[in-house]
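Please find below a colleague's note on the structure under review. It is set out as numbered points, to be read beside the sequence and the coordinates.

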Amino acid sequence: MGHTQCISKSADCQAFVAQSGSCRLDELRTEPLVTPVITSDLIPEKPDTTTGLKERRLEPNRADSSEEAQRLQNAMTHLHNSGWYWGSITAAEAKQHLNKALDGSFLVRDSSNPGYLLTLSVKTELGPTHLRIEYSNGHFGFDSVVMARPHLRQFKGAVDLVQYYTLAYRRQATHRELSTDPDTFPTATAENTLQLKLTKPLHKAAPSLQHLCRVVINQHCNDHGDLPLPERLKDFLREYPFVL
């Protein structure tokens, strides 16, 4: 399948806030609905020599502040700690891994296009699909057509971005199950478009028991400071404040 891009159906995407460490699974019932879709532009993912080199995206230039450099470093550390960052595998390798997975399974990898930092590869009903993630002005976001760009959220990290859309889909799926109208949430929203369905990260290796416990705690706890744990364990929890 060709390279795809993510387009938000409406500006309602702005309303659903799932910042790291603040959104929990039990809060999904009260947030506004989000219906992101993806659409194919039929352009395979390949190097684009007309764009800037990836190294310029990976490392802040000298004019960037030390604060922004630290934010980027923290974002990449979170991504490495997630367990579903696969590094520099190719689109073909990502497809091979996702072909064995259920629809909605996803992973993040380095983009094959040097003008972009990362790529989200996800298994859809039409097969594995790839969505480029760009890093610009200290924020991460999906690449998209110019007209859709104002409706796409920007995030301080790639894990924040993926978590936002994963939780949005989970809430939407729950809402659909409770709805009496089966046509309220169609899978395909228009010709050549597909709802962005993110359900389960595909881990590169089996996560450690400590990391699995950390994710479960994050799913049910809003404030690590209130936990009856040693400070060093609280620090471990704060190192990855996400629910995926």
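Predicted model: local features only at pLDDT ≥ 70, side-chain atom pairs only at ≥ 80, totals over all residues.

1. Overall architecture. The protein contains six helices and eight strands. Along the sequence these elements follow the order β-β-α-α-α-β-β-β-β-α-β-β-α-α. Of the 244 residues in the protein, 46% are buried.

2. The largest nonpolar core. In soluble globular proteins, nonpolar side chains tend to be buried together. Here the largest nonpolar core has 31 residues, and those with the most contacts inside it are Leu-79, Trp-84, Leu-118, Phe-140, Val-162 and Tyr-165. At least two residues of this core come from each of helix 2, strand 3 (105–110), strand 4 (118–124), strand 5 (127–136), strand 6 (139–142) and helix 4 (158–178). Helix 4 provides the largest share, six residues. A second, separate core has five residues, among them Trp-86, Ile-89, Ala-94 and Leu-98.

3. Leu-79 within the core. Which residues does Leu-79 touch, not counting those up to four places away in sequence? The contacts of Leu-79 are with Trp-84, Tyr-85, Val-108, Leu-118, Ala-158 and Val-159. Two of these partners, Trp-84 and Leu-118, are also listed with Leu-79 among the core residues that have the most contacts.

4. A pair of aromatic rings is described by the distance of the centres and the angle of the planes. The structure holds seven aromatic pairs. In one of them, Phe-142 and Tyr-165 are tilted, with 5.4 Å centre to centre and 45° between the planes. Phe-142 belongs to strand 6 and Tyr-165 to helix 4, so this pair ties together parts that are 23 residues apart in sequence. Both partners are buried: the relative accessible area is 3% for Phe-142 and 1% for Tyr-165. The pair of Phe-155 and Tyr-164 is also tilted, because the ring centres are 5.1 Å apart and the planes lie at 55°. Phe-155 and Tyr-164 are likewise buried. Ring pairs join Phe-142, Phe-155, Tyr-164 and Tyr-165 into a cluster.

5. Helix 5 (residues 209–220) comprises 12 residues and spans 17 Å from its first C-alpha to its last, close to the 16 Å expected at 1.5 Å a residue. Its buried residues are His-211, Arg-214, Val-215, Asn-218 and Gln-219. Viewed down the axis of helix 5, the buried residues fall within an arc of 140°, so they line one face of the helix. An α-helix has 3.6 residues a turn, so residues three or four places apart point the same way. The buried residues of helix 5 pack against helix 2 (66–82) and helix 6 (231–238). On the face turned away from the buried side, Leu-209, Gln-210 and His-220 are exposed.

6. Charges over rings. Arg-214, one of the buried residues of helix 5, places its charged end over the ring of Phe-236, 3.9 Å from the ring centre. Another arrangement of this kind involves Arg-132, whose charged end sits over the ring of Tyr-116 at 4.7 Å from its centre.

7. Backbone at Asn-137. Most residues other than glycine have a negative phi, and most peptide bonds are trans. Asn-137 is exposed, with a relative accessible area of 68%.

8. Partly exposed helix residues. Asn-74 lies in helix 2 and is partly exposed, at 34% relative accessibility. Although Asn-74 and Lys-156 are 82 residues apart in sequence, their C-alpha atoms are 9.4 Å apart in space. Arg-238, in helix 6, is partly exposed at 37% relative accessibility. Not counting residues up to four places away in sequence, Arg-238 touches His-224, Gly-225 and Glu-231. The C-alpha atoms of Arg-238 and His-224 are separated by 7.5 Å, and the two residues are 14 residues apart along the chain.

Key:
Residues numbered from 1 in each chain as written. Heavy atoms only, no water. Helix = DSSP H or I, 4+ residues; strand = E, 2+ residues; numbered from the N terminus. Expected span 1.5 Å × (residues − 1). Buried < 20%, exposed > 50% of the residue type's maximum accessible area, 1.4 Å probe, protein only. Arc of directions from axis to C-beta. Contact = heavy atoms within 4.5 Å. Core = buried A, V, L, I, M, F, W, Y, C linked by side-chain atoms within 4.5 Å. Phe/Tyr/Trp six-rings, centres within 6.5 Å; stacked < 30°, edge-to-face > 60°. Lys NZ or Arg CZ within 6 Å of the ring centre and 35° of its normal.
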